[in-house]
Amino acid sequence: MTDYAKQQKKPFKIVTFAHRLDMAVAMFQDLAPVLEKKFGATPTWSYGRTEVRLANARWVVKAARPAAPHGLSGVDVLIGDELWGVDTDTLDIGFMPTQRAVDNPLAMFYSTAGTEESVAMLRWREAALRGIDTGEHVGIYLAEWSPPPELDPLTPEAWAYANPALGHTIRMEALEAESHAPNRAAFLRSSVNLWTQTDSSWLMPGLFQELRAKSPPQPGGVLAVEVSMDDGRYCGVRVNVNSDGQLTATIGFMVDSIATCWDAVQKQIDANPGVVLAITPTLDVSCPTQLQRRRIIVGYQEICRYTAVVKQMLQERRLWHTGETMLAEHVGRAVAVRTTGAIALSSTKSPGPIELARCLVWAAGIGSRPAPNVKRPVIGIARQQRVA
């Protein structure tokens with residue numbers, strides 16, 4: 001606002017917001033006096049209409065509501081604090097369109113870890129992780145301070161990963177005192193930067209990260225395809241043995257529409273001619289005709305049947321993976337619930353999307369079944385056609 005805005009030689013607009021208006025105004029109250037005293041800026045202190053003007057630059061504070069930024073355009077810099085508490089309509093419909101008319105806009109979002117209700121933050125984080133896994137440039141830079149999954153989140157070693165200010169503005173004694181609070185989920189989210197309910201994951205922390213295979217799965221195997229609960233993401237996980245004889249899982253694809261989903265499935269089948277296709281009833285409705293003889297239907301009944309089996313395979317190091325970050329995220333946050341005589345991954349109890357984990361359970365469960373040693377005979381009967 002002081003130097004860079006002058007270099008632009010045009011009106012320069014900055015908009016800040018937070019999950020609560022009082023939090024957004026608190027930053028304004030700290031910085032506005034400095035800008036006024038040191039740089040001669042002109043602040044407006046009316047609550048709800050707070051802003052600062054300095055030469056060609058203007059800083060506006062807005063509430064985190066979908067209608068709050070309507071009417072704004074040409075926002076050069078957009079800054080959001082505590083994104084975990086901002087809903088999708090406010091972010092994607094309210095604030096993001098204000099930067100459409102800017103040549104080189106910058107949007108910066110900061111937040112601690114969220115809960116299962118942090119849909120907007122989950123979507124942006126998942127998009128960044130998808131770009132990391134695929135190597136594609138998606139225009140998102142993700143920097144996260146959180147402990148590795150193999151560390152116990154209630155140890156000082158894990159706290160150091162999640163608190164870069166430790167030793168400066170945060171003391172270890174303060175974190176030690178917070179760790180004994182009765183609300184453990186709140187401590188894990190706010191002080192250890194972990195998504196809530198991850199302490200009840202179906203796997204021990206760090207187990208899945210240790211099972212990274214050295215080689216990818218060979219062509220063939222089982223391809224399980226699932227759609228996210230909000231129908232906004234389609235993904236596939238393929239499982240087959242690799243060159244070392246290890247049953248290995250890898251992400252086949254992740255797309256955003258049903259048309260591209262079936263195109264990705266066809267590409268997987270072309271690259272893996274003998275692959276078995278497992279899809280959910282939701283996808284079976286639109287299954288192309290040429291794939292109907294190949295596909296099998298899977299659902300919650302198969303999740304109940306295979307969850308314990310796949311968990312045992314992972315614990316016994318009989319199931320490996322190729323190291324995608326997104327797959328590790330979904331498997332790590334998945335929570336299993338007890339059913340009648342079994343356990344099953346629960347999308348409602350898990351703190352975020354777990355469709356890749358569900359695909360892993362289906363594909364690994366079907367792929368773990370031993371193949372028959374004896375080929376079944378085929379008997380053909382020809383009927384003689386009568387001639388009148």
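Is cysteine 287 buried or exposed? Cysteine 287 is buried, since its relative accessible area is 7% (buried means under 20% relative accessible area, exposed over 50%, and partly exposed in between, with a 1.4 Å probe and protein chains only).

## Before we start

This is a predicted model, so local features need pLDDT of at least 70 and side-chain atom pairs count only at pLDDT 80 or more, while totals for chains, interfaces and linings use all residues. Residues are numbered from 1 along each chain as its sequence is written, and side-chain values use heavy atoms, with hydrogens and water left out.

## Cysteines without partners

A disulfide is a covalent bond between the sulfur atoms of two cysteines. How many disulfides does the structure hold? The count is zero (a disulfide here is a pair of cysteine sulfur atoms within 2.5 Å).

Take cysteine 235, which is in no disulfide: the nearest cysteine sulfur belongs to cysteine 359 and is 4.2 Å away. Cysteine 235 is also buried, with a relative accessible area of 0%. Back at cysteine 287, the closest cysteine sulfur sits in cysteine 261, and because the gap is 9.8 Å, that is too far for a bond.

## Two helices that cross

Two packed helices are described by the angle between their axes and the distance between the axes. Here, look at helix α4 (residues 119-134) and helix α11 (residues 325-333): their axes come within 8 Å and cross at roughly 135 degrees. That angle makes α4 oblique to α11. By the rules used, angles under 35 degrees count as roughly parallel, over 145 as roughly antiparallel, 65 to 115 as roughly perpendicular and the rest as oblique. The axes are lines fitted to C-alpha atoms, for helices over the stretch in contact, and angles run from 0 to 180 degrees between N-to-C directions. Helices (H or I, at least four residues) and strands (E, at least two) are DSSP runs, numbered from the N terminus.

Which residues meet? From α4 come Leu122, Arg125, Glu126, Leu129, Arg130, Ile132 and Asp133, and from α11 come Thr325, Met326, Glu329, His330 and Arg333 (contact means heavy atoms within 4.5 Å). Sorted by class, the contact of α4 with α11 has four nonpolar, two polar and six charged residues. For those classes, Ala, Val, Leu, Ile, Met, Phe, Trp, Tyr, Cys and Pro count as nonpolar, Asp, Glu, Lys and Arg as charged, and the others, Gly among them, as polar.

## Salt bridges

Across the whole structure, a search turns up 15 salt bridges (each a side-chain nitrogen of Lys or Arg within 4 Å of a carboxyl oxygen of Asp or Glu). Arg125, Glu126, Glu144, Glu329 and Arg333 are linked in a network of them.

Lysine 10 is partly exposed at 36% relative accessibility, whereas aspartate 76 is buried at 8%. Arginine 171 and glutamate 173 also form a salt bridge, closest N and O atoms 3.6 Å apart, and both residues are exposed.

## Asparagine 240

Asparagine 240 lies in strand β8 (residues 234-241) and counts as buried at 15% relative accessibility. Leaving out residues up to four places away in sequence, asparagine 240 touches several residues, including Pro217, Gly220 and Leu247.
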